[in-house]
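My notebook is open, and I want to get to know one protein by looking things up in it. Come along and check each entry with me.

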Amino acid sequence: MTFDNGEVEGRPPYIHSMIAGGLGGTTGDMLMHSLDTVKTRQQGDPHIPPKYTSLASSYYTIWRQEGVVRGLYGGWLPAMMGSFPGTILFFGTYEWSKRHMLDYGIQPHVSYLTAGFLGDLAASIVYVPSEVLKTRLQLQGRYNNPHFKSGYNYRGTWDAVKTIVRTEGFSELFSGYKATLYRDLPFSALQFMFYEQFQSWAREYKKSRDIGVRLELLTGAAGGGLAGVITCPLDVVKTRLQTQIDPVPALAKTKDRLATETMSGLKDPSKQPQPLPPPIRQKRPISTSSPSTHTPRPGAIPLDEDSILKGLKLIYKTEGVGGWFRGVGPRFVWTSIQSGCMLFLYQRILRKLEVWLPVERSDMSA
């Protein structure tokens, strides 16, 4: 970490950064999990008109109808299982890459941005499967939920894992992997670039490295909240890709088969018409309706998992700009408070570790 005058701040050991990041990140995620559930319900609501609209009413409705543990905190176990190892990997990679880039003379903002990208990329192998499980359990709510029909009905986390692997294949645990990276890589990069800059301004303002509790919380919250709003359209695409159940394009597959037969010298399919199999319906069509724009036609509009840009265009075409920012309120609140808590605890735990596990100054700068 650097200051504008080029002074290099004392660097804690990597193991300290990883422990502090893991504890801080997991605590922040657990504190804000209920708001993340509201955001997921808003973005993945298949009902027309949507059942969940404003933040306050959605929060109250889920709490009153489904309770806390299986309602607002549905999916907390996979969230925690992905958060702790994921943030450990993130902070270890972030600190290592950031320090090396700064030491090589790379501009600080570029270093922070790139380090955020690399850190999130390293953590993605852990948190993407947990995101799939967490998102589906959040959307489902409690088992046999009479208040919200999501199309999923898992008894718990392990039942969800077994059911997904058995019925959809192991690769489904990485559903929306590309979309998740498209969302989280720029989010983490922007979050830590903003955070490092806000920290620098706060230290200049206070004329000290110790900026106090209020500014510690404010700089972390501002960095996370600003990054969360900017990347909200990517979060909408990610959520829908991970919760939609794609229909089987039976007509397209039949056409491909007939074209292959024609090229192979078989009878002309136009002269030999064959009955088409009945199309398979989606078990749970995910509506792309938006409470802030016009009401689209009923029915599902599945997104193309091969193209994030196509997903953004489709949402814009059917819903307008409001569709890109569906759930932006809960996302802003969640990313602000989660980021503020995580980075505040990260700094505090680092200071405690310096006292509990003191190291030589030469080791700290490694």
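These are my entries, going from the whole chain to single residues.

**Ground rules**

I am working with a predicted model, in which local features need pLDDT of at least 70 and side-chain atom pairs count only at pLDDT 80 or more, while totals for chains, interfaces and linings use all residues. Residues are numbered from 1 along each chain as its sequence is written, and side-chain values use heavy atoms, with hydrogens and water left out.

**Entry 1: the whole protein**

I looked up the secondary structure and found 15 helices and zero strands. Both are DSSP runs numbered from the N terminus: helices are H or I with at least four residues, strands are E with at least two.

Next I checked burial: 51% of the 366 residues are buried. Buried means under 20% relative accessible area, exposed means over 50%, and partly exposed is in between (1.4 Å probe, protein chains only).

The accessible surface comes to about 17,600 Å², and 65% of that belongs to carbon and sulfur atoms. These areas come from the Shrake-Rupley method with a 1.4 Å probe; for residues, only the protein chains shown count as cover.

Then I turned to contacts, meaning heavy atoms within 4.5 Å. Of the contacts with a separation of 6 or more, 79% are between residues 24 or more positions apart.

**Entry 2: the cores**

Which residues have the most contacts inside the largest nonpolar core? I found F90, F91, Y94, F192 and L343, in a core of 26 residues. Such a core is a set of buried Ala, Val, Leu, Ile, Met, Phe, Trp, Tyr and Cys residues joined through side-chain atoms within 4.5 Å. Helix 5 (76–103), helix 6 (108–140), helix 8 (177–206) and helix 14 (328–356) each supply at least two residues of this core. The largest share, eight residues, comes from helix 8. Apart from this core lies another, of 13 residues, with L133, L139, F148 and Y152 among them.

I also followed Y94: leaving out residues up to four places away in sequence, Y94 touches Y112, A115, G116, G119, F192 and E196.

**Entry 3: helix 12**

Helix 12 (residues 308–319) has 12 residues and spans 16 Å from its first C-alpha to its last, close to the 16 Å expected at 1.5 Å a residue. The expected span is 1.5 Å times one less than the number of residues.

Where do its buried residues sit around the axis? The buried ones are I308, G311, L312, I315, T318 and E319. They cover an arc of only 145° around the axis, so they are on the same side of helix 12. The arc is that of the directions from the helix axis to the C-beta atoms. On the other side of helix 12, I found L309, K310, K313 and K317 exposed. Just after helix 12, G320 takes a positive phi of about 85°.

**Entry 4: single residues**

R11 sits in the segment before helix 1 (14–31) and counts as buried at 6% relative accessibility. A polar contact of 3.0 Å joins the side chains of R11 and D103. The term means a pair of N or O atoms within 3.5 Å; within protein, one must be able to donate a hydrogen and the other to accept it, and residues adjacent in sequence count only if both atoms are side-chain atoms.

N144 has a positive phi of about 55° although N144 is not a glycine. I found N144 in the loop between helix 6 and helix 7 (157–168), partly exposed at 48% relative accessible area.
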